[in-house]
Amino acid sequence: MQPAICVGLEVLDPRRDEQLLERWLRSPHVARWWGAAELNLATLGQRSRDTHALITADGRPVGYLCWQRPSREELGAAQLTDLPEGLVDIDIFIGEPDYLGCGAGPKALTVLLAKLHGEGVRFAGLATSISNVSAIRAFEKAGFSVFRDFEDPDGPYRYMVAQLDSAVDRRGVRVHR
(Lines give C-alpha, C1' and ligand atoms only; values in the text may rest on other atoms or scores of the structure.)
Protein backbone atom coordinates (compact mmCIF):
# COMPACT_ATOMS: atom_id res chain seq x y z
CA MET A 1 0.00 0.00 0.00
CA GLN A 2 1.32 3.42 -0.97
CA PRO A 3 1.44 6.18 1.65
CA ALA A 4 -1.15 8.96 1.26
CA ILE A 5 0.07 12.02 -0.57
CA CYS A 6 -1.08 15.59 -0.06
CA VAL A 7 -2.04 17.03 -3.45
CA GLY A 8 -2.58 20.70 -4.25
CA LEU A 9 -2.57 23.22 -7.06
CA GLU A 10 0.07 25.93 -7.32
CA VAL A 11 0.10 29.05 -9.50
CA LEU A 12 2.12 28.39 -12.61
CA ASP A 13 4.69 30.93 -13.73
CA PRO A 14 5.39 30.21 -17.42
CA ARG A 15 8.89 31.70 -17.25
CA ARG A 16 9.93 30.03 -14.02
CA ASP A 17 8.30 26.70 -14.91
CA GLU A 18 9.03 26.56 -18.66
CA GLN A 19 11.95 24.11 -18.39
CA LEU A 20 9.97 21.82 -16.11
CA LEU A 21 6.96 21.85 -18.45
CA GLU A 22 9.20 21.24 -21.45
CA ARG A 23 10.87 18.26 -19.75
CA TRP A 24 7.48 16.79 -18.90
CA LEU A 25 6.04 17.41 -22.39
CA ARG A 26 9.06 15.70 -23.96
CA SER A 27 8.88 12.65 -21.69
CA PRO A 28 7.51 9.62 -23.55
CA HIS A 29 4.58 8.97 -21.19
CA VAL A 30 3.27 12.55 -21.71
CA ALA A 31 4.25 13.05 -25.38
CA ARG A 32 2.36 9.87 -26.29
CA TRP A 33 -0.94 11.57 -25.41
CA TRP A 34 -0.15 15.28 -25.73
CA GLY A 35 1.86 15.37 -28.97
CA ALA A 36 4.43 18.00 -30.01
CA ALA A 37 6.07 19.72 -27.05
CA GLU A 38 6.78 22.93 -29.01
CA LEU A 39 3.15 23.47 -29.94
CA ASN A 40 1.98 22.76 -26.40
CA LEU A 41 4.56 25.08 -24.84
CA ALA A 42 3.50 27.93 -27.13
CA THR A 43 -0.16 27.38 -26.25
CA LEU A 44 0.48 27.04 -22.51
CA GLY A 45 2.52 30.24 -22.48
CA GLN A 46 -0.51 32.20 -23.74
CA ARG A 47 -2.91 30.98 -21.04
CA SER A 48 -4.30 33.27 -18.37
CA ARG A 49 -2.73 32.82 -14.95
CA ASP A 50 -6.04 31.74 -13.46
CA THR A 51 -6.74 28.94 -15.97
CA HIS A 52 -3.82 26.62 -15.35
CA ALA A 53 -1.75 25.30 -12.46
CA LEU A 54 1.03 23.00 -11.41
CA ILE A 55 -0.09 19.89 -9.56
CA THR A 56 1.94 19.40 -6.40
CA ALA A 57 2.31 16.27 -4.32
CA ASP A 58 3.70 16.81 -0.85
CA GLY A 59 4.86 20.25 -2.03
CA ARG A 60 6.74 18.97 -5.09
CA PRO A 61 5.60 19.85 -8.65
CA VAL A 62 4.50 16.61 -10.33
CA GLY A 63 2.08 17.59 -13.09
CA TYR A 64 0.01 20.17 -14.89
CA LEU A 65 -3.62 20.97 -15.53
CA CYS A 66 -5.50 23.68 -17.37
CA TRP A 67 -9.15 24.52 -17.88
CA GLN A 68 -11.29 26.69 -20.13
CA ARG A 69 -14.81 27.25 -21.35
CA PRO A 70 -14.70 25.99 -24.93
CA SER A 71 -16.36 28.12 -27.58
CA ARG A 72 -19.26 26.80 -29.63
CA GLU A 73 -16.88 26.79 -32.62
CA GLU A 74 -14.37 24.58 -30.78
CA LEU A 75 -17.15 22.23 -29.71
CA GLY A 76 -18.47 22.13 -33.27
CA ALA A 77 -15.05 21.27 -34.66
CA ALA A 78 -14.84 18.36 -32.21
CA GLN A 79 -18.48 17.38 -32.89
CA LEU A 80 -19.31 17.92 -29.20
CA THR A 81 -22.04 20.56 -29.46
CA ASP A 82 -24.27 18.37 -27.28
CA LEU A 83 -22.17 19.00 -24.16
CA PRO A 84 -23.91 20.87 -21.31
CA GLU A 85 -24.00 24.66 -21.65
CA GLY A 86 -21.29 26.43 -19.64
CA LEU A 87 -19.14 23.32 -19.27
CA VAL A 88 -15.49 23.85 -18.32
CA ASP A 89 -13.07 21.62 -20.25
CA ILE A 90 -9.99 20.29 -18.44
CA ASP A 91 -6.64 18.96 -19.64
CA ILE A 92 -4.27 17.19 -17.25
CA PHE A 93 -1.05 15.21 -17.12
CA ILE A 94 1.25 13.85 -14.46
CA GLY A 95 4.78 14.66 -15.59
CA GLU A 96 6.81 12.89 -12.92
CA PRO A 97 6.84 9.15 -13.66
CA ASP A 98 7.21 8.28 -9.96
CA TYR A 99 3.77 9.82 -9.36
CA LEU A 100 1.89 7.85 -12.01
CA GLY A 101 -0.74 5.57 -10.51
CA CYS A 102 -0.48 6.94 -6.98
CA GLY A 103 -3.68 9.01 -7.04
CA ALA A 104 -2.17 12.43 -7.70
CA GLY A 105 -4.27 12.95 -10.86
CA PRO A 106 -7.67 12.14 -9.34
CA LYS A 107 -6.85 14.17 -6.22
CA ALA A 108 -5.78 17.18 -8.32
CA LEU A 109 -8.99 16.93 -10.35
CA THR A 110 -11.03 16.83 -7.13
CA VAL A 111 -9.29 20.00 -5.89
CA LEU A 112 -9.99 21.72 -9.22
CA LEU A 113 -13.63 20.57 -9.25
CA ALA A 114 -14.13 22.07 -5.78
CA LYS A 115 -12.62 25.36 -7.00
CA LEU A 116 -14.83 25.40 -10.09
CA HIS A 117 -17.90 24.50 -8.05
CA GLY A 118 -17.15 27.46 -5.77
CA GLU A 119 -17.14 29.67 -8.88
CA GLY A 120 -20.60 28.45 -9.87
CA VAL A 121 -19.56 25.97 -12.56
CA ARG A 122 -22.13 23.19 -12.96
CA PHE A 123 -20.32 20.82 -15.33
CA ALA A 124 -16.69 19.95 -16.07
CA GLY A 125 -15.43 17.61 -18.72
CA LEU A 126 -12.35 16.13 -20.26
CA ALA A 127 -11.38 13.92 -23.15
CA THR A 128 -8.85 11.19 -23.64
CA SER A 129 -8.01 8.51 -26.14
CA ILE A 130 -10.14 5.41 -25.65
CA SER A 131 -6.87 3.48 -25.43
CA ASN A 132 -5.69 5.56 -22.44
CA VAL A 133 -7.23 3.18 -19.91
CA SER A 134 -5.19 4.56 -16.97
CA ALA A 135 -6.52 8.07 -17.56
CA ILE A 136 -10.11 6.84 -17.87
CA ARG A 137 -9.80 5.02 -14.52
CA ALA A 138 -8.28 8.12 -12.90
CA PHE A 139 -11.07 10.33 -14.24
CA GLU A 140 -13.70 7.91 -12.92
CA LYS A 141 -12.04 8.03 -9.46
CA ALA A 142 -12.42 11.83 -9.56
CA GLY A 143 -16.16 11.54 -10.28
CA PHE A 144 -16.30 11.77 -14.06
CA SER A 145 -18.54 9.48 -16.07
CA VAL A 146 -18.72 8.73 -19.77
CA PHE A 147 -20.62 11.30 -21.79
CA ARG A 148 -19.90 9.68 -25.14
CA ASP A 149 -17.19 8.55 -27.51
CA PHE A 150 -16.23 10.63 -30.55
CA GLU A 151 -13.78 10.64 -33.42
CA ASP A 152 -10.72 12.88 -33.16
CA PRO A 153 -8.05 13.29 -35.87
CA ASP A 154 -5.83 11.19 -33.55
CA GLY A 155 -8.40 8.37 -33.36
CA PRO A 156 -11.33 7.40 -31.13
CA TYR A 157 -11.72 9.50 -28.00
CA ARG A 158 -13.91 9.37 -24.92
CA TYR A 159 -15.46 12.51 -23.41
CA MET A 160 -16.24 12.34 -19.70
CA VAL A 161 -18.28 14.77 -17.62
CA ALA A 162 -18.66 15.53 -13.90
CA GLN A 163 -21.73 17.32 -12.61
CA LEU A 164 -20.59 19.71 -9.91
CA ASP A 165 -23.93 20.71 -8.39
CA SER A 166 -23.60 19.48 -4.81
CA ALA A 167 -20.99 16.99 -6.00
CA VAL A 168 -18.10 18.33 -3.93
CA ASP A 169 -17.88 20.28 -0.72
CA ARG A 170 -15.64 23.31 -0.29
CA ARG A 171 -12.69 21.13 0.79
CA GLY A 172 -12.87 19.12 -2.42
CA VAL A 173 -14.42 16.08 -0.78
CA ARG A 174 -17.03 14.20 -2.85
CA VAL A 175 -20.50 14.34 -1.38
CA HIS A 176 -22.70 11.37 -2.24
CA ARG A 177 -26.37 12.25 -2.00
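**View 1. Phenylalanine 150 and tyrosine 157, a pair of buried aromatic residues.** In this predicted model, both phenylalanine 150 and tyrosine 157 are buried. The centres of the two rings, those of phenylalanine 150 and tyrosine 157, are 5.9 Å apart, and because their planes stand at 50°, the pair is described as tilted.

View 2. Six aromatic pairs are found when the whole structure is searched. In one of them, the ring centres of tryptophan 24 and phenylalanine 93 lie 6.0 Å apart with the ring planes at 85°, so this pair is edge-to-face. The two partners come from distant parts of the chain, since tryptophan 24 belongs to helix α1 and phenylalanine 93 to strand β4, 69 residues apart. Tryptophan 24 is buried, with a relative accessible area of 0%, and phenylalanine 93 also counts as buried, at 6% relative accessibility. Together with Trp34 and Tyr64, the residues Trp24 and Phe93 make up one aromatic cluster.

View 3. Seven strands build an open sheet in the order β1-β2-β3-β4-β5-β7-β6, and their pairing is mixed. At the edges stand β1 (7-11) and β6 (145-152), each of which pairs on one side only. From one strand to the next, the twist averages 30°. As background for reading this view, strands of a sheet pair through backbone hydrogen bonds, and they do so in either a parallel or an antiparallel sense.

**View 4. The pairing of strands β2 and β3, with threonine 56.** Strand β2 (residues 52-57) pairs with strand β3 (residues 60-68) in the antiparallel sense, over six bridges. Within this pairing, alanine 53 stands opposite leucine 65 in β3. Threonine 56 is also found in strand β2, and with a relative accessibility of 9% it counts as buried, because the cut-off for buried is under 20%. Leaving aside residues up to four places away in sequence, threonine 56 touches Cys6, Val7, Gly8, Leu9, Glu10, Pro61 and Val62.

View 5. Helix α6 (residues 133-141) lies across β4 (88-94), β5 (123-129) and β7 (155-163). Relative to β5, helix α6 runs at an angle of about 165°.

**View 6. The buried face of helix α3.** In helix α3 (residues 37-45), the buried residues are Ala37, Asn40, Leu41 and Leu44. Seen down the axis of α3, these buried residues fall within an arc of 100°, and therefore they line one face of the helix. The elements that cover the buried residues of α3 include the helices α1 (14-26) and α2 (28-34), together with the strands β2 and β3.

**View 7. Cysteines in a structure with zero disulfides.** A disulfide is a covalent bond that joins the sulfur atoms of two cysteines. When the whole structure is searched, zero disulfides are found. For cysteine 102, the closest cysteine sulfur is that of cysteine 6, and because the two sulfurs are 12 Å apart, they are too far from each other for a bond. Is cysteine 102 buried or exposed? At 19% relative accessibility, cysteine 102 counts as buried, because the value falls under the 20% cut-off. Cysteine 66 counts as buried as well, with a relative accessibility of 5%.

Terms used: Residues are numbered from 1 along each chain as its sequence is written. This is a predicted model: local features need pLDDT of at least 70, side-chain atom pairs count only at pLDDT 80 or more; totals for chains, interfaces and linings use all residues. Side-chain values use heavy atoms; hydrogens and water are left out. Two strands pair if DSSP finds at least two bridges between them. Helices (H or I, at least four residues) and strands (E, at least two) are DSSP runs, numbered from the N terminus. Axes are lines fitted to C-alpha atoms, for helices over the stretch in contact, and angles run from 0 to 180 degrees between N-to-C directions. Contact means heavy atoms within 4.5 Å. A disulfide is a pair of cysteine sulfur atoms within 2.5 Å. Buried means under 20% relative accessible area, exposed over 50%, partly exposed in between (1.4 Å probe, protein chains only). The arc is that of the directions from the helix axis to the C-beta atoms. Rings of Phe, Tyr and Trp (its six-membered ring) pair if their centres lie within 6.5 Å; planes under 30 degrees apart count as stacked, over 60 as edge-to-face and the rest as tilted.
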